Every structure is written in C-alpha cells, then in structure tokens.
Amino acid sequence: MKEIKKITCIGAGYVGGPTMSVIAQKNPNVTITVVDLNQARIDAWNDTDLEKLPVYEPGLDAVVAEARGRNLFFSTNVEQAIDEADMIFISVNTPTKTYGKGKGQAADLKYIELCARQIAAVAKSDKIVVEKSTLPVRTAAALKSILDNTGNGVNFHILSNPEFLAEGTAVTDLHNPDRVLIGGEDADAIEALVQVYEAWVPRERILTTNLWSSELSKLVANAFLAQRVSSINAISELCEVTGANVDEVSRAIGYDSRIGSKFLKASVGFGGSCFQKDILNLVYIARSYNLTEVADYWEQVIILNDHQKARFAENIIQTMYNTVNGKKIAFLGWAFKKDTNDTRESAAIYVADHLLEEEAQVIVYDPKVPAEQVYKDLDYLGTRSPEDNRRLVTVVNDPYEAMHGSHAIAILTEWDEFKCYDWPRVKEDMKKPAFVFDGRKLLDRNKLSMLGFNYYAIGE
Ligand code: UDX
Ligand code: ADP
C-alpha cells in the first residue's frame, strides 16, 4: 500500500478549511494543500491576522497557527496541487438546484463534475479521490465514470468520507469525532485513508462500509437530526395552546435513554447548509424510485420547519396589534446557530422576509455576520428590490444601538452574549410595551417579566 505523503483538498469552505487544518495538525509529515478558485477566500486563509480567517470557528485560529506554513498550505493553483497529490479530497459546494429538473430539491452537481474533469485532465499518476461534500447516493459512480473516461489512463480509487462536524463546534468535533465513516471498494485505498485518521482517532471509531452505504448514511444522519428538531418544534406549538412548557417536555422525554436528551431544543426553526439540502436530496431520491410514502414522510420535516419560521413571524405581528408597519424590530442574531458566521438557510432570513412584507423596520445585530452578508441573504430571496431591502433593514455593530427605540426584540440566534446584556437599560430605552420574542428560549422569563418586558418564547 502506498503511503500518503501529499494531500490536496479542492474547496476551502466551511468543510474543507477546518477539516484539512485538523488533518494537517495531526499529521505533521503529510503535506496538505487546500485550493480554491476564490482568490479572496484563499488570501483570507493566508492572512497573518488570524481574526480574518474566512470561517469563524472557536479554536480554529490556534490549529491554523500551528500547521500553516509547516505542512498546511492554501493556494489557488488547483492544477499543480492536483498533479502533486496522492490523495484528493473534494469539498466543493453542492447547493440545491435552482433550475431545471429537480429544481428546489436535487443537489446541483456541476461543481463536483467540474472538479472531476479537472482532476482527470491533470492527473499523471494514480490518485485516491475522496468525496467529502455531501452528495446524493451514487455520485461516486458518476465521479468514477468521468475520471475513467476522460483521464490519462491512470487509476482512480473513489472513497466516500462524509463529514459529520457541526459548525460552531467544528474543531472539537474534528478532534474527537463520534465516528469517522469511510466507504469504498478498494481495500488499499480505504486503508490509506484510515491511516490518516488513525493519527488521532481510535481505530474502533473508524467505520468502513461500501460506497453506497457511506453516501446514504450521511443523508440519513442529517435527516434524523433534523427530524428531531421538527418533532420537538411540532410539540412546541401544541405546548403553546395547552399550557405545557416544551423545555419541561424535552427534559422529561430526554431522560429516557432510548430517546436521549440531545437535539430536543425547540427553536424558531433549523437552518444551515445541510439539513434542508440533505432531506430534499433524500426526498428526491425516494421520489425518483416512486417511493411516494417515503418521500412524503421526510418532506414533512421541512414543511414543519417552514411552518415554525412563519408562525414565529406571524406571532410577532399578531401580538403587536396586527401591524408592524413602520415599527422597529431589533433582531438579535442572524447566523443559523451560535458560534458561526454562517448564515445559509438561517431562520432569521425567513422571519425577516415575512416581517418586511408587512413593512417593518428591521435592525440587525449579529456578533459575527457583516452587513453585506445580511443584504446578500435578503437579496437572494428575490422577494423585493435590493433598494427596498436597504430601505427597510439596517445592520449595526452595537446591540444597544439595535435595540434603542425599538418596539420589539426578536432573538433569532442563541449567542451567549445576549444573556448578559444590561436588560434594565434595554427596557428603559425601548418603546412600550416592550416586547421580546425569544425564538431560542435563551432568556430568563422570570427576570424579563419582573423588569416589565412582555416576554414570549417558543413553546410556552
Ligand atoms: C449538521 C449536523 O449536526 C452535522 O453532523 C453535519 O455534518 C452538518 O449538519 P450544522 O448544520 O453545522 O450540523 O449544525 P447543527 O448543530 O446540527 O444545527 C442545525 C440547525 O438545527 C441549527 O439551526 C440549530 O440551531 C438547529 N437546532 C439544533 C435546533 O433548533 N434545536 C436543536 O435541538 C438542535
Ligand atoms: P461547504 O460548506 O460545503 O464547505 P462552501 O461554499 O463553504 O461549502 O465551500 C465550497 C468552496 O468550494 C467554495 O469556496 C468554492 O469557491 C469552492 N469551489 C467550488 N468549485 C470549485 C472548483 N472547481 N475548484 C476549486 N474550488 C471550488
């Protein structure tokens, strides 16, 4: 079996960047080059100011500081990196298709195909090609076909090695994974990748399967996790009308070791680049095999999630006397969860869109998301003109400025710092009655009520 000396990763995003940084940290004798077409992104990965890394993850700066320049490199020279590598990870984005067949459901594989064609064109020696991006089942077959038919006669072994890290905890998840999953057909290729992970992951936590099982397991893991969130969110609505408290219900059922306590936090809805996309993929695959009941079953997880976001916004409008026109609503948080600057599919975007339809004035504060990103997310929806988004939405760098003179505060992300604000001061500074709509059940109801806020939380 060939020893892996050089690894290249195509795609320097939320998956490729942190994953390769940790692999490099733990394998100082392997040279790792992360390449991307996006020059600005690569420049940011190379910035000496570690605050400027393009991905914000707690602890990532220290990992990059340790490995970068030693055996970890970031570059835009894709061809050279492919040529030199023994093993190539593909970590490019696979968004949901916005056009043609499977629009709104199937994964768009054009970036993967472009990568495969580029690898085939450049490679002059045998390569192990590792799928890291989440992909629909059987993408490996397409990858192999492109590589074998367009390549220069060299051998390609395809492995599926889905990433299970969650954003916001990427570095701890990578350092201490529940499991590493490697799917493939060629025993030597599998063993080569096992050795890379064995540098820090105990052997018994490295699972090997066939290609299809590995690809499908990734979709299924995310579908199960998202299903738990939608399940508890469905119960949150029932709690609101019956007088139960969803946190108490979560706690009571979570003590059952068969159910378990994790992923039972009711919220304004799940976001992130994976859950919706992966379920849509699963639904699309099921429909393509005419498994209507299976497809409908999983689709319901998304329908419920959309409902949760919409009803949070509706509740704000109804509570504020059925009109938010011209009213200032301070958004605390824009990221899809705390400790990340990622906003993909964030509930905040959809809640804002709903309120903006009613001509609310939305003032956004998020500790890590810049103004350009907020506008980009809203413009992408295409609900109204970019001018109207800028007329109705303001993004500020100071939470007190966001809440100053506001009619209501909506908590969209569970950033820890929100708990520590000077809430008496905020109350004084707001229009009365001072409404707080807590989409994350983050604040203390008793404390806020005592201060005189009208406090509403999901599932209470
Ligand atoms: C997820 C999977 O957890 C990870 O294994 C996979 O590799 C990628 O997709 P991620 O999207 O980064 O990770 O974050 P996750 O922690 O799973 O949260 C997803 C969304 O669900 C967030 O919006 C979060 O706020 C929400 N959520 C999560 C809840 O609303 N309640 C919960 O109890 C848990
Ligand atoms: P993920 O969350 O899956 O990591 P991102 O969008 O954060 O997704 O990152 C994917 C990265 O892949 C982007 O920076 C994009 O520029 C890069 N990329 C896409 N296609 C190619 C390609 N053919 N060659 C190099 N980089 C690519």
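Start at Pro433, in the loop that runs between helix H17 (423-429) and strand S13 (435-438). Show the backbone here. The peptide bond joining Lys432 to Pro433 is cis, with omega at about -5°. Keep in mind throughout that this is a predicted model.

**Stop two: the loop between S9 and H13**

Select the loop between strand S9 (328-332) and helix H13 (347-357), and pick out Asp339. Asp339 is not a glycine, yet its phi is positive, at about 65°. Stay in the loop between S9 and H13 and move to Glu345. Glu345 also has a positive phi, about 60°, and is likewise not a glycine.

**Stop three: the two domains**

Zoom out and colour the chain by domain. The assignment gives domain 1 (6-209) and domain 2 (211-460). For the contact, 42 residues come from domain 1 and 29 residues from domain 2. The C-alpha centres of domain 1 and domain 2 are 31 Å apart.

About 2,800 Å² is buried between domain 1 and domain 2. Carbon and sulfur atoms give 54% of that area.

How many salt bridges are counted between domain 1 and domain 2? The count is 1.

Next, select Glu167 and Arg344 and show their side chains. These two side chains meet in a salt bridge, at 3.8 Å from N to O.

**Stop four: the cavity**

Run a cavity display over the whole structure. A search finds 1 cavity of 30 Å³ or more. The space in the largest cavity is about 60 Å³.

Which residues line the largest cavity? Select Glu131, Ser133, Thr134, Leu135, Ser160, Pro162, Ser214, Glu215 and Lys218. By class, this lining has 2 nonpolar, 4 polar and 3 charged residues.

Colour the lining of the largest cavity by domain. Domain 1 (6-209) and domain 2 (211-460) each supply at least three of its residues. Then highlight helix H9 (residues 211-242). Helix H9 gives the largest share of the lining, 3 residues.

**Stop five: a pocket**

Move to the second largest pocket, which holds about 300 Å³ of space. Its lining has 14 residues. To find the centre, select Leu50, Glu51, Leu53, Tyr56 and Lys368, the lining residues that lie nearest to it. The lining of the second largest pocket divides into 7 nonpolar, 2 polar and 5 charged residues.

**Stop six: salt bridges across the structure**

Side chains of opposite charge can pair when their charged atoms come close. Across the whole structure, a search finds 29 salt bridges.

Select one of them, Lys124 with Asp83. Their side chains meet at 3.3 Å, N to O.

- Lys432 and Pro433, for the cis peptide bond.
- Asp339, for its positive phi.
- Glu345, for its positive phi.
- Glu167 and Arg344, for their salt bridge.
- Glu131, Ser214 and Lys218, among the residues that line the largest cavity.
- Leu50 and Lys368, among the residues nearest the centre of the second largest pocket.
- Lys124 and Asp83, for their salt bridge.

Key. Residues numbered from 1 in each chain as written. Chains lettered and ligands numbered in written order. Predicted model: local features only at pLDDT ≥ 70, side-chain atom pairs only at ≥ 80, totals over all residues. Heavy atoms only, no water. 1 Å grid on protein atoms, 1.4 Å probe; cavity = no way out; pocket = protein on both sides within 12 Å on 5 of 7 lines; lining within 4 Å. Points joined across faces, edges and corners; volume = space filled by probe spheres on them. Helix = DSSP H or I, 4+ residues; strand = E, 2+ residues; numbered from the N terminus. Nonpolar A, V, L, I, M, F, W, Y, C, P; charged D, E, K, R; others polar. Domains from an automatic or database assignment. Contact = heavy atoms within 4.5 Å. Buried area = accessible area lost by both parts, 1.4 Å probe. Salt bridge = Lys/Arg side-chain N within 4 Å of Asp/Glu carboxyl O.
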